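Reader: I have the files open and have never looked at this one before. Can you walk me through it?
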Amino acid sequence: MANKKLQKELVRYYGLGRRKASVARVYIMPGTGEFKINDKDAKKYLNSSILIQDALSPFEVTNTLNTFNINANVYGGGLTGQAGAIRLGIARALLEASNNEYHNKLKDAGFLTRDARVKERKKFGLRKARRARQFSKR
């Protein structure tokens, strides 16, 4: 019972990240660098060291790697979009944790900007958003 009280009293910082069709709710807590995505180990979930490195890049910029445990809930989109959403969520949570101490570093690296590029909708009369049927004169 006392252990559950201690866990609830631990400090957690929250950041929401979005990228393409993905949404990530990221919680960081002071710890040893444990990284979980949807209650799975990040290496098993993202299965690419490049995507994990991309998601953890805000920690590298602020020199806080392995000082926070990360727990992310992600849904929607593909793995690349989810990694980008986690990156934005981690950057926003770091701002909350540091009282804007890392704002300039994260802003200069471009981690606080939401990438607004999303898939364009399909238009009627076309095969895709802009792809039309092949034209032939004869």
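Reader: Let's start with α5. What span should its 20 residues have, and how far apart are the end C-alpha atoms?
Author: Helix α5 covers residues 79–98, and at 1.5 Å a residue it should span 28 Å. Its end C-alpha atoms are 28 Å apart, which agrees. The expected span is 1.5 Å times one less than the number of residues. Helices (H or I, at least four residues) and strands (E, at least two) are DSSP runs, numbered from the N terminus.

Reader: Where do these numbers come from?
Author: This is a predicted model, where local features need pLDDT of at least 70, side-chain atom pairs count only at pLDDT 80 or more, and totals for chains, interfaces and linings use all residues. Residues are numbered from 1 along each chain as its sequence is written, and side-chain values use heavy atoms, with hydrogens and water left out.

Reader: Back to α5. How many of its residues are buried?
Author: 14 of the 20 are buried, so α5 is largely enclosed by the rest of the structure. Buried means under 20% relative accessible area, exposed over 50%, and partly exposed in between (1.4 Å probe, protein chains only).

Reader: What comes just after α5?
Author: Asn99, which takes a positive phi of about 55°.

Reader: And which strands does α5 lie across?
Author: β1, β2 (22–30), β3 and β5 (68–75). The helix runs at about 150° to β1. Axes are lines fitted to C-alpha atoms, for helices over the stretch in contact, and angles run from 0 to 180 degrees between N-to-C directions. Contact means heavy atoms within 4.5 Å.

Reader: OK, the sheet. What's the strand order?
Author: β1-β2-β5-β3-β4, an open sheet of 5 strands with mixed pairing. The edge strands are β1 (13–19) and β4 (40–41), each pairing on one side only. Two strands pair if DSSP finds at least two bridges between them.

Reader: How many bridges join β1 to β2?
Author: 7, and the two strands run antiparallel. Gly15 has Val26 as its bridge partner in β2, and Tyr13 has Ile28. The β1 and β2 hairpin has 2 residues between the strands, and Lys20 there takes a positive phi near 55°.

Reader: Which residues of β1 are on the covered face?
Author: Tyr13, Gly15, Gly17 and Arg19. The uncovered face has Tyr14, Leu16 and Arg18.

Reader: What about the other pairs?
Author: β2 and β5 are antiparallel over 8 bridges, with Ala24 opposite Val74 in β5. Strand β3 (residues 35–37) is joined to β4 by 2 bridges, also antiparallel, and Ile37 stands opposite Lys40 in β4.

Reader: Pick a residue in β2. Is Ser22 buried or exposed?
Author: Ser22 is buried, at 1% relative accessible area. A polar atom of the Ser22 side chain lies 2.8 Å from the backbone oxygen of Gly76. Leaving aside residues up to four places away in sequence, Ser22 touches residues including Gly17, Tyr75, Gly81 and Ala85.

Reader: And Pro30, buried or exposed?
Author: Pro30, also found in β2, counts as exposed, with 54% relative accessibility. Beyond residues up to four places away in sequence, Pro30 touches Val11, Thr67, Phe68 and Asn69.

Reader: Different topic. Which residues touch the most other members of the largest nonpolar core?
Author: Ile28, Phe35, Ile37 and Ile86, out of 30 residues. At least two core residues come from each of β2, β3, α2, α3 (49–55), β5 and α5, and α5 gives the most, with 8 residues. A nonpolar core is a set of buried Ala, Val, Leu, Ile, Met, Phe, Trp, Tyr and Cys residues joined through side-chain atoms within 4.5 Å.

Reader: What does Phe35 touch?
Author: Not counting residues up to four places away in sequence, the list is Lys40, Asp41, Ala42, Ile52, Ala55, Leu56, Ile70 and Ile86.

Reader: You mentioned α2. Where is Leu46?
Author: In helix α2, residues 42–46. Leu46 is buried, with a relative accessible area of 0%. With residues up to four places away in sequence left out, Leu46 touches Ile37, Leu51, Ile52 and Leu79.

Technical notes
A polar contact is a pair of N or O atoms within 3.5 Å; within protein, one must be able to donate a hydrogen and the other to accept it, and residues adjacent in sequence count only if both atoms are side-chain atoms.
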